[in-house]
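Subject: Structure for your files

Hello,

Here is the structure I said I would pass on. Please open it alongside this email and go through the notes with it in view.

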Amino acid sequence: MQQEKIVIFGKHAAVAAIKNPERNILSIFIAREKKAVYLPLLERSRLPNISFCENTEITKICGRDALHQGIAVITEKLSQPELRNVLKSIRKRSLIMILDGITDPFNVGNILRSSKAFGVDAIVVKERHSPSETSVIAKAASGALESIPVCTIANLTNAIKILQENGYFCYALDGGASSKLTEIGFPDKVAFILGSEGKGVSHLLKNRCDQTLSIPMYTDKNFDSINVSNAAAIAMFQFCSSE
């Protein structure tokens, strides 16, 4: 069955998509004035149906407000792997991120970008109430969408169960938790669960997790909310620095 098509634009996102052998690239558009920038980056890459055009043509493809940097790729969406299959190839030390009801594509893209930086093995989202692969997510992820598996599952409770059966310790991040992220000695296999900025992690998932943690605030102790993508990056860093 043919996958849905999307447009991926921006230097890092588009170049990474073209270089990803799992991508079915349909068309590539590069502004004539940017040929000298992109062709060296794409050396030895697949370049099907490549067109050199005016910058205004790429703006028409991507949308007037898109920061496309003179390149756009029309491609099929990536297939989404099963969580159990991803876990089969996981190394001994591993980090998984579970996103509960996070729908803002900029937040999802930024979490993907941080995941690439900190070596996250996979991101898990619900089949419903989660954004599918979009141009905005790809641009915000800055190429990380091509290398971080995004697993969809009908029920996040089942995802936690699968992870626990495979030796993962699951932590829900919640501003009201008494235990602090900075006070934990992490095991080798960890999953962090993050909720939307409005509702947070659901009570059902918090009850299923091994522990609930908060990120300490160092100025106003009554201020317990930061952007979810920033919270994700802090949690990733804390896990990596505990190695």
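This is a predicted model: local features need pLDDT of at least 70, side-chain atom pairs count only at pLDDT 80 or more; totals for chains, interfaces and linings use all residues.

Salt bridges

The structure holds 8 salt bridges. Three of them are described here.

Glu4 pairs with Lys77, and their closest N and O atoms are 3.8 Å apart. Glu4 sits in the segment before β1 (5-9) and Lys77 in the loop between β4 and α4 (83-87), so this bridge ties together parts that are 73 residues apart in sequence.

Glu133 pairs with Arg23, with 2.5 Å between the closest N and O atoms. This pair links distant parts of the chain, 110 residues apart: Glu133 is in the loop between β6 (122-126) and α6, and Arg23 is in the loop between α1 (11-19) and β2 (25-31). Both Glu133 and Arg23 are buried. They also belong to a network of salt bridges that links Arg23, Glu133 and Glu146.

Asp174 pairs with Lys206, the closest N and O atoms being 3.2 Å apart. Asp174 lies in the loop between β8 (169-173) and β9 (189-195), and Lys206 lies in helix α8 (residues 203-208), so the bridge joins parts that are 32 residues apart in sequence. Asp174 counts as partly exposed at 22% relative accessibility. Lys206, with a relative accessible area of 19%, is buried, because the cut-off for buried is under 20%.

Helix α9

Does the length of this helix agree or disagree with what its residue count predicts? Helix α9 (residues 228-241) has 14 residues, which at 1.5 Å a residue should span 20 Å; its end C-alpha atoms are 20 Å apart, so the two agree.

The buried residues in α9 are Val228, Ser229, Ala231, Ala232, Ala233, Ala235, Met236, Gln238 and Phe239. The partners they pack against are β5 (94-100), α5 (105-118), β8 and β9.

The largest pocket

The largest pocket holds about 690 Å³ of space. Its lining has 30 residues, and those nearest its centre are Leu78, Ser79, Gln80, Glu133 and Val150. The elements that give two or more residues to this lining are α5, β6 and β7. By class, the lining has 12 nonpolar, 10 polar and 8 charged residues.

Two backbone angles

Most residues other than glycine have a negative phi. Gln69 has a positive phi, near 55°. Gln69 is placed in the loop between α3 (55-62) and β4 (71-76), and Gln69 is partly exposed, with a relative accessible area of 39%. Ser142 also has a positive phi near 55°. Ser142 is found in the loop between α6 (135-141) and β7 (150-153).

Regards

How values were computed. Residues are numbered from 1 along each chain as its sequence is written. Side-chain values use heavy atoms; hydrogens and water are left out. Helices (H or I, at least four residues) and strands (E, at least two) are DSSP runs, numbered from the N terminus. Buried means under 20% relative accessible area, exposed over 50%, partly exposed in between (1.4 Å probe, protein chains only). A salt bridge is a side-chain nitrogen of Lys or Arg within 4 Å of a carboxyl oxygen of Asp or Glu. The expected span of a helix is 1.5 Å times one less than its number of residues. Contact means heavy atoms within 4.5 Å. On a 1 Å grid over the protein atoms alone, a cavity is a set of points where a 1.4 Å probe fits but cannot get out, and a pocket is an open set with protein on both sides within 12 Å along at least five of seven lines; lining residues have an atom within 4 Å of a point. Grid points are joined across faces, edges and corners, and a volume is the space filled by probe spheres set on the points. Ala, Val, Leu, Ile, Met, Phe, Trp, Tyr, Cys and Pro count as nonpolar, Asp, Glu, Lys and Arg as charged, and the others, Gly among them, as polar.
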